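Me: Please take a close look at one part of this model, and follow it into its surroundings. Keep it brisk.

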Amino acid sequence: MEKQKQKRRRLLLMPSPLQGHVTPMLQLAHILHSNGFSITVIYTSSFTLPNLSSYPNFTFLSISDSLSELEASASTSDPVHLTRLLNVRCVEPLKQCLDTLLKKKKDGDDDRVACFIADAALHFTQSVCDGVKLPRLVLRTGGASSFLVFASFPLLRQEGYLPVQESRLEEPVVELPPLKVKDLPKIETRDPDAFYEFVVQFVEECKASSGVIWNSFEELESFALAKLRQLFSIPIYPIGPFHKHFPEGSTSSSLLTPDTSCISWLDKQEHNSVVYVSFGSIASITEAEFLEIAWGLANSMQPFLWVVRPGSIRGSEWLEPLPSGFMENLGGRGYIVKWAPQEQVLGHVAVGAFWTHNGWNSTLESICEGVPMICSPCFADQKVNAKYVSDVWRVGVKLENKLDREEIEKTIRNVMVGDEAKEIRDNVLDLKEKAKISLKEGGSSYCSLDGLVTDIFSLES
Ligand code: UDP
């Protein structure tokens, strides 16, 4: 009886169109759908969502974002600028969309809309939801520890840590231990002040929401979550890791097609021997950095699986800068793909380390598979994540300074062999276990999800 009643409530979910945001939003949609809700996903017209036919249980609605082809194609080179555009251009289309949806639903009692769940970056959705008296929950796709840093931006500016000055990089940020100035979020955007304003606004609109959902778990980020509960007077729901609510790969939502041939290559490698290298869906590197990585990997003598996304080497289409015969000379010890089935790769017994940019999804996926990390953070929250990986959870090491082949070779060895490597591996296996337990009946994420579902039913729209 209760379940039947639940089935009649619909949730409207709106992801930001970037890979690292779409994936957790669709995973959240699956989690809530399996808890009895109907799902409508609202997306913006310039971006495709992954293979809509793989989501037969969801309804998809597109709203106009009025982006030119040029503006949309620059989404990975300046995601902040893109998000700022969406926050302006989607206001009217979303208003119209909600008017239509809510009117239709009121005509019949079936499938009544319970609330709107928006990516935190789409802060404009708060005032649109307020306008139609629809409760809004927020999904923050990054970690709670980095969000605490974002929430401290006004304080960091007041204390002179922001904007970051090159001469102060090694100074500790005493208000946010163990961070140093060099760990503070930074982003390459055409207008750095705009990044500050954007962060302040998305934090404010999170505070104004009915609650924030996190793809994290209590045991991983207890300090930041406790702090956020003090700062925010709204509920905080850490219900992650999202992708572990389901069997491996069943909620995959890759925007690019993964090259699964790397799995048969991994099958031929020894246990814990392979370094998996990927810097996610946005980060780019220079040609010189690319060559240092290539030589560092080659000289490390470890087998490696390397994701080189087309366009991720500035000024090149794909692998042109690689010296001719480079891969052939390695005698099969290296494998390069354009995009990998990452969850499956990290879960493979051959993988012994993940050299990552520390996007939050990658960081969490690595922890959940018990894979030690080599950290090369690029921008935004990644530097904070890397600091936690190396200094707080001690599940990886940072590749500090500029990319240099000798440094790379040394760091790979430190993570793969020796006493430090063993300690790191033990730590990450311990966190992997804690993540698993958090999702089991009575575990922290399990209980938090229970609370979220109950709270959604009590929201009045
Ligand atoms: N990913 C993937 N194949 C790849 C590289 C990345 O499927 O070859 C996925 C990865 O599993 C993660 C997402 O892309 O879920 C990247 O998100 P993250 O937050 O780590 O970084 P971003 O791309 O947002 O910088």
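Reply: Helix α14 gives the most to the shell around the ligand, with 4 residues. Helices (H or I, at least four residues) and strands (E, at least two) are DSSP runs, numbered from the N terminus. Residues are numbered from 1 along each chain as its sequence is written. The model is predicted: local features need pLDDT of at least 70, side-chain atom pairs count only at pLDDT 80 or more, and totals for chains, interfaces and linings use all residues.

In total, 20 residues surround the ligand, and G20, G280, Q342, G359 and S362 are the closest. Two or more residues each come from α2, α13 (342-346) and α14 (360-368). By class, the shell holds 11 polar, 7 nonpolar and 2 charged residues. Ala, Val, Leu, Ile, Met, Phe, Trp, Tyr, Cys and Pro count as nonpolar; Asp, Glu, Lys and Arg as charged; the others, Gly among them, as polar.

Next, the core. The largest nonpolar core has 127 residues, and I213 and L305 touch the most other members. Its largest share, 7 residues, comes from helix α2 (residues 19-33). Such a core is a set of buried Ala, Val, Leu, Ile, Met, Phe, Trp, Tyr and Cys residues joined through C-beta atoms within 7 Å. Buried means 20 or more other C-beta atoms within 10 Å of a residue's own; exposed means 12 or fewer; partly exposed lies in between; C-beta atoms are placed from the backbone.

I213 touches L28, L137, V138, L139, Y237, I239 and L452, leaving out residues up to four places away in sequence. Contact means C-beta atoms, placed from the backbone, within 7 Å.

All 5 of its 5 residues are buried, so β5 is largely enclosed by the rest of the structure. R136, V138 and R140 point one way, L137 and L139 the other. In a regular strand the side chains alternate between the two faces of the sheet.

What flanks β5? Strand β6 (residues 212-214) pairs with β5 in the parallel sense over 3 bridges, and R140 stands opposite W214. Strand β4 (residues 112-119) also pairs with β5 in the parallel sense, over 4 bridges; there R136 is the bridge partner of F116. Pairing takes at least two DSSP bridges.

β4, helix α6 (residues 125-131) and β5 make a right-handed β-α-β unit. Right-handed means that, with the strands pointing away from the viewer, the path from the first strand over the helix to the second runs clockwise.

Note on methods
Contact = placed C-beta atoms within 7 Å. Near = placed C-beta within 6 Å.
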